[in-house]
Amino acid sequence: MLVVNNLSPTPAYVLRNDGTGAFRRELTDRLPASIRNRAYFTVELVDVDGDGRLDVLLGGHEWEGASTIVLIDPGTGDFAAATPRVIPPVPGEGVVLDFAATGGAADRILWVLRTSGGDGTFYASRTIQRVPWPSMIGSTIVTERPAPWFQWIIPTIVNGRRQIASDDATVSLVVPVNP
């Protein structure tokens, strides 16, 4: 299990099931040293490049030096030597809350849920960023400010249409996957 803990000098690490249902922190660091002492709060395992292996998406407080990154699995599950690919920041929307991915290897799109931070406001907006892989040329699809933030986005199909939506039914935010 890959977890984030911004109170740890190593903010993302692996907890391994010991076979009895107890999880123990691995002593070997599987992630790059460049993420140490950064404010990461969000992690997702997704096969970004379509090779059948889970890659790592990490996000947090960008204005505090925690760049939003993709780490591609080199085939060993050990990302320590992986070169982070940076997802472009969105000015003023420097808190990364969640990730989703749609499409296959040939048309993978990464979706980033953000809220405000780093511009004098904090958790006062909701923004969805669309980032095609591998170009990483991001575009902001939705920015609502002021607006209450929400925690998660999910890819879903409603009435035969693919979309990204909030996990919270009270949030009426829906983004077509193929705008």
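Me: Where is Tyr 123 found?
Reply: Tyr 123 is found in the loop between β9 and β10. Strands here are DSSP runs (E, at least two residues), numbered from the N terminus, and helices would be H or I runs of at least four. This is a predicted model, where local features need pLDDT of at least 70, side-chain atom pairs count only at pLDDT 80 or more, and totals for chains, interfaces and linings use all residues. Residues are numbered from 1 along each chain as its sequence is written, and side-chain values use heavy atoms, with hydrogens and water left out.

Me: What is phi of Tyr 123 near?
Reply: Phi of Tyr 123 is near 60 degrees, which is a positive value in a residue other than glycine. Tyr 123 counts as partly exposed, because its relative accessibility is 27%. The cut-offs are under 20% relative accessible area for buried and over 50% for exposed, with partly exposed in between (1.4 Å probe, protein chains only).

Me: And Met 136, is that buried or exposed?
Reply: Met 136 counts as buried, at 7% relative accessibility. Met 136 lies in the loop between β10 and β11, and its phi is also a positive value near 60 degrees in a residue other than glycine.

Me: Which peptide bond is cis with omega near 5 degrees?
Reply: That is the bond from Trp 133 to Pro 134. Pro 134 sits in the loop between β10 and β11. The bond from Arg 145 to Pro 146 is cis too, with omega near -5 degrees, and Pro 146 has its place in the loop between β11 and β12.

Me: New topic: what order do the strands take in the open sheet of four?
Reply: The order is β8-β9-β10-β11, with antiparallel pairing. Two strands pair if DSSP finds at least two bridges between them. At the edges are β8 and β11 (139–144), each pairing on one side only. From one strand to the next, the twist averages 20 degrees; axes are lines fitted to C-alpha atoms (for helices over the stretch in contact), and angles run from 0 to 180 degrees between N-to-C directions.

Me: How many bridges join β9 and β10?
Reply: Six bridges, in the antiparallel sense, with β10 covering residues 126–132. Within that pairing, Leu 113 stands opposite Ile 128 in β10.

Me: Which residues touch the most other members of the largest nonpolar core?
Reply: They are Trp 111, Ile 128, Ile 153 and Ile 164, in a core of 15 residues. β8 (95–102) and β9 (109–115) each supply at least two residues of this core. A nonpolar core is a set of buried Ala, Val, Leu, Ile, Met, Phe, Trp, Tyr and Cys residues joined through side-chain atoms within 4.5 Å.

Me: What does Ile 153 touch?
Reply: Leaving out residues up to four places away in sequence, its contacts include Phe 99, Trp 111, Leu 113, Ile 128 and Ile 164. Contact means heavy atoms within 4.5 Å.

Me: How many salt bridges does the structure hold?
Reply: Nine. A salt bridge is a side-chain nitrogen of Lys or Arg within 4 Å of a carboxyl oxygen of Asp or Glu.

Me: Which residue forms a salt bridge with Glu 26?
Reply: Arg 16 does, and the closest N and O atoms are 2.8 Å apart. Glu 26 lies in the loop between β3 (23–25) and β4 (40–46) and Arg 16 in β2 (residues 12–17), so the pair ties together parts that are ten residues apart in sequence. Glu 26 is buried, with a relative accessible area of 17%, whereas Arg 16 is partly exposed at 45%. Arg 16, Glu 26 and Arg 30 are linked in a network of salt bridges.

Me: What about Arg 114, what is its partner?
Reply: Glu 62, with the closest N and O atoms 2.8 Å apart. This pair links distant parts of the chain, with Arg 114 in β9 and Glu 62 in the loop between β5 (55–60) and β6, 52 residues apart. Both Arg 114 and Glu 62 are buried.

Me: Last one: what is the mean pLDDT of the protein chain?
Reply: The mean is 93, and 99% of the residues reach 70 or more. pLDDT is the predictor's confidence in each residue, from 0 to 100.
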